[in-house]
Amino acid sequence: MAYTVSRPKLTVSERMYFPAIASGLLITIKHFFKMLSGKREILMQYPEEKWDSHLPEHYRGAPTLVKDEHGRERCVACQLCEFICPPRAITITPGELPAESKFAKVEKYPEEFKIDMIRCIYCGLCEEVCPEQAIFLRKDYAITGLSRAEMVHDKKKLYELGGTMNGLVHKWNPLK
Amino acid sequence: MDLLPFLIISALKTLAIIFGVILPMVSYTVYAERKVSAMIQDRIGPNRVGIPLTLFGFKKDLFFQGLLQPIADAVKLMIKEDFTPAHVNKFYYWLAPALGVAPALITLAVVPFGSVLNLDPILVPLGNWFGAKLAFGPIPMVIADVDVGVLFVFAIASVGVYGIVLAGWSANSKYPFLGGIRSSSQMISYELSLGLSVIPIFLLIGNLNLSEIVQYQITNGWLILPFSWNGFNWEKLLMWIPMVISFVVFTVSMFAETNRVPFDLPEAEQELVGGYHTEYSSMKFALFFLGEYAAMIAGSSVIVTLFFGGWHLPFLPDGSGTGWLALFWGLVNIAVFFGKVALLLFFFIWVRWTLPRFRYDQLMKLGWYFFFEIALANIFVAAGILLFLPK
C-alpha cells in the first residue's frame with residue numbers, strides 16, 4: 001500500500017527562501033572567521049605531525065611476522081593464513097627443515113612468505129587464525145612503493161616490520 | 001583618434017586585461033574557492049605548493065600558504081594526456097571548449113574597468129628616447145565603448161550556453177547529454193528575468209552604455225544605495241525599492257547564468273558524474289573550467305558596473321588630468337573596480353559552500369513563477385515612480 005509522506009508545513013518566511021539563506025550564510029561565515037582567526041585547532045599537519053603515539057593497542061596496520069624471544073621464527077608454514085585470507089594476498093612456499101634439526105619431519109618452515117600489500121585489506125583474519133602466534137597486524141599504515149613488485153612484502157621485510165614478540169599473547173582469551 | 005593608434009591601444013588594452021588581469025584572477029579565484037571552502041568546512045585547504053628550495057640544497061622549503069597552487073594546477077592540466085574518446089562527434093567536441101571560454105572573455109570588452117589612464121608621463125620620455133612622438137592623452141579604460149552596452153553583454157553571455165550544450169551533445173554519452181539539456185532549459189528560464197530585471201535601470205538612466213551608467217552613478221549615487229552624494233532626494237529614495245528588487249533578481253539570475261551553486265544543474269557532480277564535461281580531459285577540461293570562472297568574473301563585473309558604481313569610490317578623484325598624480329588615480333580606479341569584483345566573487349564562493357542545489361522542477365518554478373513575474377512587475381513599479389515623480 002502506498003505510504004504518504006506528509007510534507008512539513010512551511011511558514012511564510014521559510015517559503016520566502018531568503019531568511020533561511022541568510023541564516024545559512026551566517027553559519028558558514030562564522031566558521032570561516034573562526035578558522036581565519038585561528039581559534040579552531042583540531043587539525044594535524046599530516047606528514048610533520050602524526051597520530052602514531054595515540055594509536056590504540058588493537059590497531060590493525062600492516063600484517064607482519066614475528067620471532068620469539070630466542071630469535072626463532074614462529075611460523076611453521078601451516079598455510080592457514082594463506083587459506084583464510086579473503087583477498088588472497090598471502091603466498092607461502094613451505095619447506096622441509098634440515099635433517100639435523102630437532103624438529104625435522106615434525107614441523108615445516110616457510111621458505112618464502114609473501115604478502116601482497118596491494119591486495120591486503122587489513123582485516124586481521126590471518127592474525128586470528130594463526131595457531132602459532134606468528135603473524136600479527138602491527139601499527140604501520142603508510143605502506144608505499146613505486147612499483148607493484150615493491151608492494152609485495154617478502155619474508156625479510158615482514159620480519160623486519162614485525163620484530164620479536166615475547167611469551168604467550170592472549171589474543172583469543174584475554175587475561176581477566 | 002587616428003586608426004593606427006586606436007588599433008594599437010585597443011590591442012594593448014585587450015592583451016593587458018586578458019593576460020594581465022583576467023587569467024591570473026581566474027586562477028586565483030580557483031585558489032580562493034578551494035581555500036574559502038576549506039575554511040568554511042573547518043579545514044585548511046591547499047597550503048603545500050611553494051618553492052622547493054630543498055631540491056637546490058637549501059635547508060627549508062617555502063610554502064607561502066600554497067599560493068603557487070594555481071600554477072601547479074595549470075602545469076598539471078597542460079601536460080596531462082589529452083584523450084578524445086572514439087565515440088564522440090569530433091568537430092563539435094573540439095569546438096565546445098572554445099565556445100565555453102570565448103563568450104566570457106568577449107563580455108568583458110564593454111565593461112569599463114577604470115576611469116581614464118593617462119600614460120603620458122611614461123610614454124613621452126620613452127618616445128623622446130626613441131626619437132618619436134608618443135602621446136596618447138587620457139585613454140578610456142574600456143576596450144569597446146559601445147552604446148548597446150548591456151544588450152551586448154546579454155547577447156554574448158547567452159552564447160556561452162552553446163559551449164555546454166555542444167559539449168553535452170557531442171560527447172555522445174548519457175550524463176553529458178543530461179547536463180546539456182539541463183543547461184539549455186535553465187538558460188531559457190533565466191534569460192528572461194535576467195533581461196527584464198535591468199529595464200528599471202534603463203528607465204531611470206535612459207542609456208544602455210555602461211560607461212554612461214557609471215557616470216550617472218557618480219553624480220547620483222550608486223543604484224544600490226538609497227541616497228546620493230549631493231543631498232537628499234525623494235526620487236532616489238523611492239527608486240531604491242525597484243533597484244533592490246532588480247539587484248536581487250539580476251544577481252540570482254547571474255548565478256544561474258554562470259552555472260554556480262545553487263543552480264549548477266548542468267554539472268551536478270553527485271548526479272551526473274561531471275555533467276557536460278564528463279568526457280573531457282586535460283586542457284579541454286581546463287578551458288571549461290576557465291570559461292566558468294571567467295564567466296563568474298564577467299558577471300560580477302556587470303553587477304558591479306550596474307549597481308555598485310563601477311570603478312567609482314566616493315571622494316576618490318578619477319584619472320583625468322595630466323602628470324603622475326592622474327596616472328596614480330587612474331590605477332587606483334582600476335584597483336577599486338577589481339576590488340569590488342573580488343568581493344562579489346567571494347560572495348559567489350560563500351554562497352556555493354552554503355546552499356544545497358535546487359531540484360530541476362524547483363529551478364523551473366523559481367524562474368517562471370517567481371522571478372519572471374517579479375521582474376515584470378518591477379518594471380511597472382519603476383515606471384510608475386518615474387511617471388508620478390518628475391524631476
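## Contact between the chains

Two residues are in contact if their C-beta atoms, placed from the backbone, lie within 7 Å. On that basis, chain A gives eleven residues to the contact and chain B gives nine. The side of chain A that touches chain B holds seven nonpolar residues, three polar ones and one charged one. The model is a predicted one.

## The sheet of chain A

Chain A has an open sheet of three strands in the order 2-3-5, with antiparallel pairing. Strand 2 (90-96) and strand 5 (152-153) of chain A are the edge strands. Each has a single partner strand, so one side of each lacks a neighbour in the sheet. Strands of a sheet pair through backbone hydrogen bonds, either parallel or antiparallel.

Seven bridges join strand 2 of chain A to strand 3 (residues 108-116) of chain A, in the antiparallel sense. A:T91 has A:K114 of strand 3 as its bridge partner. A:E96 stands opposite A:K108, also in strand 3 of chain A. Strand 3 and strand 5 of chain A are antiparallel too, joined by two bridges. Here A:D116 has A:V152 of strand 5 as its bridge partner. Helix 5 (residues 155-162) of chain A packs on the sheet and touches strand 3 and strand 5 of chain A. The direction of helix 5 makes about 85° with that of strand 3.

## Nonpolar cores

The largest nonpolar core has 92 residues. Within this core, B:L290, B:A294 and B:I297 touch the most other members. Helix 11 (residues 282-307) of chain B gives the most to the core, with 15 residues.

Take B:I297, with its neighbours within four places in sequence left aside. B:I297 is then in contact with B:I22, B:M25, B:V26, B:T29, B:V341 and B:L345. A second, separate core has 21 residues, including A:L65, A:M117, A:C126 and A:I135.

## Fold of chain B

Chain B has 13 helices and two strands. The C-alpha trace of chain B spans about 65 × 60 × 45 Å along its principal axes. Its radius of gyration is 23 Å. A compact globule of 391 residues would have a value near 21 Å, so the two agree.

Of the 391 residues of chain B, 40% count as buried. Now take the contacts in chain B with a separation of 6 or more. Residues 24 or more positions apart account for 75% of these.

## Residues with positive phi

Most residues other than glycine have a negative phi. A:R88 is not a glycine, yet its phi is positive, about 55°. A:R88 is found in the loop between helix 3 (80-84) and strand 2 of chain A.

B:N172 is a residue other than glycine with a positive phi, near 60°. B:N172 lies in the loop between helix 5 (150-170) and helix 6 (174-197) of chain B. There are 16 other C-beta atoms within 10 Å of B:N172, so B:N172 is partly exposed.

Methods:
Residues numbered from 1 in each chain as written. Chains lettered and ligands numbered in written order. Predicted model: local features only at pLDDT ≥ 70, side-chain atom pairs only at ≥ 80, totals over all residues. Pairing = 2+ DSSP bridges. Helix = DSSP H or I, 4+ residues; strand = E, 2+ residues; numbered from the N terminus. Axes fitted to C-alpha atoms, helices over the stretch in contact; angles between N-to-C directions. Nonpolar A, V, L, I, M, F, W, Y, C, P; charged D, E, K, R; others polar. Core = buried A, V, L, I, M, F, W, Y, C linked by C-beta atoms within 7 Å. Buried ≥ 20, exposed ≤ 12 C-beta atoms within 10 Å, placed from the backbone. Rg over C-alpha atoms; globule rule 2.2 N^0.38 Å.
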